[in-house]
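Biologist: Could you walk me through this model, one feature at a time?

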Amino acid sequence: MKHAHSPWLYSAGLLALGAIHALAFAPGPLPSWTLPFVDIFTLAVLAKVVFQSSSVLRAAGAGLLLGLANFSVGVYWLYISMHSFGGLAAPLAAGAVLILAFVLALFITLASALARWLSARHLGLPANYRWHLLIAAVWASCWTATEWLRGTLFTGFPWLNIGYAHVEGVLAGWAPVVGVYGLAWLSAFAAGAVALLAGAKDNQNDAAAAITVGAAIVTGLVGILLGHIGWSQPHGEPMVIRLVQGNVPQTEKFDPSRMLQGIESYMRLAALAPKEPDGAPSLIVLPETVMPVFQDRIAPQIWEQWLHIAKERNATILMGIPLHRNLNGQDQYTNSAIGFNASTSLSQLGAATLPMAYDKHHLVPFGEFIPWGFRWFVHAMQIPLGDFNRGAPRQRLFQINGQAFSPDICYEDVFGEEIIRSVRDSEVYGPGANILVNVSNLAWFGNSWALRQHLQISRMRALETARPMIRATNTGMTAAIAPDGRVRAALDPLHKGVLDVEVQGATGLTPYVRWGNWPVLAWTGLFLLWGWALRKRVPGGQQGDDTP
């Protein structure tokens, strides 16, 4: 991209590249097998632009343009929640999405600028393969460090982490070992290697650059081998689980005049007879806030109907519901998931004193808690249940039919480092989870990419933990995911139905569950320090470019 002669074309090209990159995070419109290639190709183009930029500032600008388009397109569905369902005026909703995209793009800006600054003296000079490996590793480390910062700072927003482009493909086998941030590093390294090879014709570095690409290919081959390792073993007996998708429109879900219709619709689906005599579900899972008001505001007659369904189906019911408790004279409000069966009493349901109750720990800014100084923005929207208390990081698991279930609610499964807490054994709560459960309500985002992106994220959590993941959502994607990340079965989005599926619990710890993100952060930090220490050492004693 020769921006010196055509700055508008250069900028448009980077924006288009960012928009294309936004397609890499879930199948549709592109087929799933293309996603890793789209991710690596678009990042390789950015890396080449960064490496060939005449200054750190120009490299930063390239990262900003790609990032702005990437996030504007990738999370466009936030506009739907704010405008269509939140009642925010269209210009304000669109402006909010663009502002968020700009803030998120700053992390790519930082990665691009830092990579250019650390590599400046070594770019464009004849060098051996060690320098090329280091430059590619520095690029990958800059990218991964900023991905981690984006997923951590200010409660974190790790959506569109490039690792999610590799749920399928040669790098997927690395997920149980290094997690999604490790996949991000490997993907960025491959992109950096391709970028160096593309620019090698200008400085006689073809052979050295080819070796770097060869190293990236080796990581893919190792990933294929790792994909054949069984990181977990079956635990207990398989059980049939019913996943319920009610497809209640968001405009009706919290409408007091139509709320009961939605609850009754879910009751009818939960109470359906099994399709086969030996296929009766022993667990029925319903989505987030399937009961959209606090439990102590629900008429006892409604709870009696749910208990009747549990008795009639001889099953445990797991559902999402907001809870109100009074603890030590203080009112507490939580977005929660509860489990109960026919032996559960009305008093336990009404007082939220159930043995199986999980309170959401990682709350969504603006949707579930209000950041300081932004209450005016939340008041401008018409979103209910907007200020919750936070649950503990590790809570008691749901023990059902000899299996330990770990529920998480909607956005929480974006944070792999938090999900693995429930898979590890606990001195307080005993053995870790055998089955992961996500209950969500993505009706806020219509029939958008958010549904497929979230399914892709859940698949990554199954890969990282080697645990089956089951998802019950209001509008999609309701699915059962195998421990190797395969989608075993799924309901079509925006359709009403149930999915009865046999699920086998699993035990055993993957390296990622044992060690979390620490190995990735350690080698990322090591390469950044190495790049900084060697920044003033130029191959062959030649002078490299160090333009700020």
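Biologist: Which helix do Glu464 and Arg461 lie in, and how many residues apart are they?

Modeller: Both lie in helix α15, three residues apart, which is about one turn of the helix. Helices here are DSSP runs of H or I with at least four residues, strands are runs of E with at least two, and both are numbered from the N terminus. Before we go on, please note that this is a predicted model, where local features need pLDDT of at least 70 and side-chain atom pairs count only at pLDDT 80 or more, while totals for chains, interfaces and linings use all residues. Residues are numbered from 1 along each chain as its sequence is written, and side-chain values use heavy atoms, leaving out hydrogens and water.

Biologist: OK, and what do the side chains of Glu464 and Arg461 meet in?

Modeller: They meet in a salt bridge, with 2.8 Å from N to O, where the term means a side-chain nitrogen of Lys or Arg within 4 Å of a carboxyl oxygen of Asp or Glu. Glu464 and Arg461 are both buried, which means under 20% relative accessible area, whereas exposed means over 50% and partly exposed lies in between (1.4 Å probe, protein chains only).

Biologist: How many salt bridges does the structure hold?

Modeller: The structure holds seven, and one of them joins the side chains of Arg459 and Glu168 at 2.9 Å, N to O. That pair links distant parts of the chain, since Arg459 is in helix α15 (residues 449-465) and Glu168 is in the loop between α6 and α7, 291 residues apart.

Biologist: Is Arg459 buried or exposed?

Modeller: Arg459 counts as buried because its relative accessibility is 8%, whereas Glu168, at 31%, is partly exposed. In another salt bridge, the side chains of Arg258 and Glu252 meet at 2.9 Å, N to O; here Arg258 is partly exposed at 35%, while Glu252 is buried at 18%.

Biologist: Switching to the inside, which residues touch the most other members of the largest nonpolar core?

Modeller: Among the 126 residues of that core, they are Trp139, Trp143, Trp159, Ile241, Val285, Phe405 and Ile470. The largest share of this core, 16 residues, is supplied by helix α7 (residues 175-199). A nonpolar core here is a set of buried Ala, Val, Leu, Ile, Met, Phe, Trp, Tyr and Cys residues joined through side-chain atoms within 4.5 Å.

Biologist: What is Phe405 in contact with, leaving aside its neighbours within four places in sequence?

Modeller: Its contacts (heavy atoms within 4.5 Å) include Met239, Ile241, Leu283, Ile435, Val437 and Ile470. Ile435, in β8, is also the bridge partner of Phe405. Strand β7 (residues 403-409) and β8 run parallel and are joined by five bridges; DSSP must find at least two bridges between two strands for them to pair.

Biologist: And how many of the residues of β8 are buried?

Modeller: Six of the six residues in strand β8 (residues 435-440) are buried. Ile435, Val437 and Val439 point one way from the strand, and Leu436, Asn438 and Ser440 point the other way.
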